[in-house]
Every structure is written in C-alpha cells, then in structure tokens.
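This briefing goes through a few local features of one chain, grouped by topic. Please keep the sequence and the structure open while reading.

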Amino acid sequence: MSMDLTNKNIGIAITGSYCTYKNVFAELEKLAATGANLYSIFSDHACTTDSRFGKCADFLAEAERITGKKPITTIPDAEPIGPGALLDLLVIAPCTGNTLSKLANGISDTPVLMAAKAHLRNNRPLVVSLSTNDALGMNLKNIGILLNTKNIYFIPFGQDNYKAKPNSMIAHIELLTDTIEEALASRQLQPVIQGPYPK
C-alpha cells in the first residue's frame, strides 16, 4: 500500500538540467495530485536562463501553477526552510553535476543549495534526482559521498546514452513518488543503479 502523502510538505528544488524539465514537471503534476503540499525552489541559473528547451519565465509560472505558491528564488528566502522546519522532505530534481559536487562538499552558494543545507539541519530526508554527464567521471566520487551521507537518498538512476556519452547518468524520474515514500520511511528505493534510461 502506498504511503499517504496528503499534507506532507515537500520541496522541489530545480537546477539547470533543462533537457529534463519536461519529464520532471510531468512527475510534479502527479506528485501534486497525491495531496502533498509542494514548494518550489529554483537555482540562480534555473530562474534566469532561457534555453532551447523553454523560457525560464514559463518554467517559473508552471511551478507556481502546480504548487499554488511563488517559487523561492533567492538565498535569503531559502534559508528560513531550516529554522522554520518547513519541509518534511526536499527533492533536488533535476540535480546537475555542479549542484551535486557542491552538495557533497558543503557549499551553499545558490538558493537550491541553501535550501538543502537548511533542510538537512533538521535531520529530514533529501532526495537527489541525478542528471549529469560526468556521473561515471569526475562526479563519481561525489555520488559515493552522498550515497553514504545520512538522510540523503537517490531516485534510482542509469546511463542515458552509454554509446555517445558513457559517463552520463540520469534519474529514472518516473520513480519520484516511490522514492519519496521510501525516503520518508528512512529507506533507499532499490535497486539504486538501474538499466539505461529511458527503459
């Protein structure tokens, strides 16, 4: 039986892997339908950069539509997440290699990273939705660090283009809600490493 997420306060922190936004926002719609109370947080690049995948203003508007709240877009606005114990769980989706490496090394220089730092002080679960071209390269050590860090969980992930980009890995974002349910019960959804994405 699935966990009841009604009225659970869940943060969705969005970083700059723009190519994943279509699938991420589709899963956020499903998550909102569970009755969870959603908050969105955008990194500096995510809230200011247009790309071939869409305009930042449109993504900010879509996040506000789904959550019913204006996105958090500054470090000062993200910091109170900690002392206010605002969230039951925080998801970084997508989580770029840049954000992943900073998270593993205690750097909090964006709204998303400040939200993560503030949230983790409360010993509550943080879920990572990996999306990076160097997962099996320079960032592999950081994945290892985070897999062994208390209260951090990963949406299971796999290689997304093992022929053209053999070091690249991406979360199986369709497992977002399942991962959240397990993380709220202090468990990592298994298996963490899955076959190529998409299945």
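Predicted model: local features only at pLDDT ≥ 70, side-chain atom pairs only at ≥ 80, totals over all residues.

**Cysteines, a covered helix and aromatic contacts**

C19 is exposed, with a relative accessible area of 52%.

**Cysteines**
- In contrast to C19, which is exposed at 52% relative accessible area, C95 is buried, with a relative accessible area of 0%.
- The count of disulfides comes to 0; C19 takes part in none, the nearest cysteine sulfur being that of C95, 13 Å away.
- Because a disulfide requires two cysteine sulfur atoms within 2.5 Å, the 13 Å between the sulfur of C95 and its closest counterpart in C19 is too far for a bond.

**Helix α4**
- Helix α4, which spans residues 97-104, is mostly covered, with 6 of its 8 residues buried, namely G97, T99, L100, K102, L103 and A104.
- The elements that cover these buried residues include the strands β3 (89-95), β4 (126-132) and β5 (152-154), together with the helices α5 (111-120) and α6 (140-147).
- After α4 comes G106, which has a positive phi, near 70°.

**Aromatic rings**
- Across the whole structure, a search finds 5 aromatic pairs; in one of them, Y18 and Y21 have ring centres 5.5 Å apart and planes at 65°, so this pair is edge-to-face.

Key
Residues numbered from 1 in each chain as written. Heavy atoms only, no water. Buried < 20%, exposed > 50% of the residue type's maximum accessible area, 1.4 Å probe, protein only. Helix = DSSP H or I, 4+ residues; strand = E, 2+ residues; numbered from the N terminus. Contact = heavy atoms within 4.5 Å. Phe/Tyr/Trp six-rings, centres within 6.5 Å; stacked < 30°, edge-to-face > 60°.
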